[in-house]
Amino acid sequence: MTKAKSPKRSSPPTSNGNSHHTHAEKEVDPIVATAVTTNDEKGPGSPTSSGKTSGNSHGNHHHHHHHSSGPTSASKEPVVLLADQSAQAKWANWSVRTLWTLIMIGGFFACVAAGPLFVILLVVVVQGLVYKEVIYLAAVPSREKKLPWFRAMNWYFLFSTNYFFYGESLIHYFQHVVFVDAFLLPFATHHRFISFTLYVIGFVFFVANLKKGHYRFQFSQFAWTHMTLLLVVCQSHFIINNIFEGLIWFFLPVSLVIANDIWAYIFGFFFGKTPLIKLSPKKTVEGFVGGWIMTIVFGILFSTLFLRYPYMICPVKDLRSTAFSGLTCEPNPVFIPVKHYLKPWMVALVRHLGMRSNYVMIAPLQLHTIVMACFASLIAPFGGFFASGFKRAFKIKDFGQSIPGHGGITDRMDCQFLMGLFSYMYYQSFIKTSAVTVGFVLQNAINLKAQEQMELFDHLRQYLIGQGLLDEDSCVIMPPKEAWVS
């Protein structure tokens, strides 16, 4: 075993009680170690800094994963494409995967129909499960047992991050509620400072719990936790914002990814012969291209259907609303079909098809859907390839086994986070119409001095009376408290 020789580094204690774990800490990065060992504190079986085992019988222990309920181990058998598998194995995989796909799609539709509150809860639950799977990927139970509150800190950082992000969303989209409620007002006004205080408490608690002999492991886990918060929690925050802008901005991107996954699987199942990328060896070029084309077709048809329903296109103003609430709103221009006149050669073509019109009605949403479908087919899958790289780094096949035929929750959501972030950025850049809202005015009005607020109220009152919207005697300004006479 290689020993550190640098005189600048102080040697850790070599007592019998901690000689093994201090040695492992010097030689192995704990995050990497979880991919190759169940307990890096076993001296004889621990990998050296060069990646080789000590050569004794314990060296083979690194093939076992660190907990039985976690991700499944990756097989070293040669990869067989779906189209090349035996008929029995291929159709068995098809039946299990199809059954659970239909179950998940049914549950998804049920949540959307139940209302935005249930959709938000669905995102929060999925986010928590993905966070758990990714965090546990780098877990080393033998070390965590010696570090009190270690696992609790991971969940505390999740709570404090969610408090900040979801609070930002609620304050932005429900300004007209939080800035007039006496109880919620202080939380809304000082939200960012409260969020910062929560994070600092966790940071101080982490530093106070640093334990000699475990420094590298603890800092590696700290970095791993923050990376997971960035990739999972931060991106899910934008998915929540999509919901508040209108359920269609959540429903459409998610559906496009699901459709692409289904069509890519179908084309790969029947025609896949050419491997696409080494990171995900079962993906094929035929599945990739076929999925892209069919996702565009699906997206146009799907957007055409749902742009007719106010429940899908109206911004969320009431979390208690459902598909049966009879919502109405002034639609965003992107949902209003526009007349597009055809070129002469197009008119001749459609006449051969039995159509006499020289124009077509196309809603801008349908054109935007083509862009989103292309992203869902060509770019979002790289979120899946990124996850495949993760799994290869840790020598596992799936992040879990919670969904038969699909793997873990992360295996299903790896493309959705990237798609949700893109949808938010695309909507804010090219679709959202800027307008002054009641919440925006209230947020600025509460920052005025009391006398300025009374002056604003008086001017607004006079304007409404002049417009015939308010009776002159129906609203009286109370004098300031200093002028009250008991």
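User: Let's start with tyrosine 424. Which residues does tyrosine 424 touch, leaving out those up to four places away in sequence?
Analyst: Tyrosine 424 touches Tyr173, Phe238, Asn241 and Asn242 once residues up to four places away in sequence are left out. Keep in mind that this is a predicted model.

User: Where does tyrosine 424 lie?
Analyst: Tyrosine 424 is part of helix α17.

User: Buried or exposed, that tyrosine 424?
Analyst: Buried: tyrosine 424 has 15% relative accessibility, and the cut-off for buried is under 20%.

User: And how far is the C-alpha of tyrosine 424 from that of glutamate 245?
Analyst: Their C-alpha atoms are separated by 9.3 Å, although tyrosine 424 and glutamate 245 are 179 residues apart along the chain.

User: What about methionine 425, where does that lie?
Analyst: Methionine 425 is in helix α17 too. Its relative accessibility is 40%, so methionine 425 counts as partly exposed.

User: OK, α17 keeps coming up. At what angle do α15 and α17 pack?
Analyst: Helix α15, residues 364-378, packs with α17 at about 155 degrees, and the axes are 11 Å apart. That angle is why α15 counts as roughly antiparallel to α17.

User: Left-handed or right-handed, the crossing of α15 and α17?
Analyst: The crossing of α15 and α17 is right-handed.

User: Which residues make the contact of α15 with α17?
Analyst: From α15 there are His368, Val371, Met372, Phe375 and Ala376. From α17 there are Leu418, Met419, Phe422, Ser423, Tyr426, Phe430 and Ile431. By class, the contact of α15 with α17 has 10 nonpolar residues, two polar ones and no charged ones.

User: And α4 against α17, at what angle do their axes cross?
Analyst: The axes of α4 (residues 116-137) and α17 (residues 409-431) cross at roughly 115 degrees and come within 10 Å. The two helices are therefore roughly perpendicular to each other. The crossing of α4 and α17 is left-handed.

User: Which residues make the contact of α4 and α17?
Analyst: On the α4 side you have Val126, Leu129, Val130, Glu133 and Val134. On the α17 side you have Ile409, Thr410, Met413 and Phe417. The contact of α4 with α17 divides into seven nonpolar residues, one polar and one charged.

User: Switching topic: what's with the phi of lysine 395?
Analyst: Lysine 395 has a positive phi of about 55 degrees, and it is not a glycine. For context, most residues other than glycine have a negative phi.

User: Where is lysine 395 found?
Analyst: Lysine 395 is in the loop between α16 (381-393) and α17. With 49% relative accessibility, lysine 395 counts as partly exposed.

User: Zooming out, how many helices and strands does the protein have?
Analyst: The protein has 19 helices and four strands. Of its 486 residues, 41% count as buried. Among contacts between residues at least 6 apart in sequence, 73% join residues at least 24 apart.

User: Where does UniProt place the feature "transmembrane region"?
Analyst: The unreviewed UniProt entry places "transmembrane region" at several stretches, including 99-131, 246-271 and 365-387.

User: What is the helix content over residues 246-271?
Analyst: Over residues 246-271 the chain is 92% helix and 0% strand, with the end C-alpha atoms 38 Å apart. Over residues 365-387 the chain is 91% helix and 0% strand, and the end C-alpha atoms are 31 Å apart.

Key
Residues numbered from 1 in each chain as written. Predicted model: local features only at pLDDT ≥ 70, side-chain atom pairs only at ≥ 80, totals over all residues. Heavy atoms only, no water. Axes fitted to C-alpha atoms, helices over the stretch in contact; angles between N-to-C directions. Parallel < 35°, antiparallel > 145°, perpendicular 65-115°, else oblique. Left-handed = near helix turned anticlockwise from the far one by under 90°. Contact = heavy atoms within 4.5 Å. Nonpolar A, V, L, I, M, F, W, Y, C, P; charged D, E, K, R; others polar. UniProt positions renumbered as here; feature names shortened; annotations may be inferred. Buried < 20%, exposed > 50% of the residue type's maximum accessible area, 1.4 Å probe, protein only.
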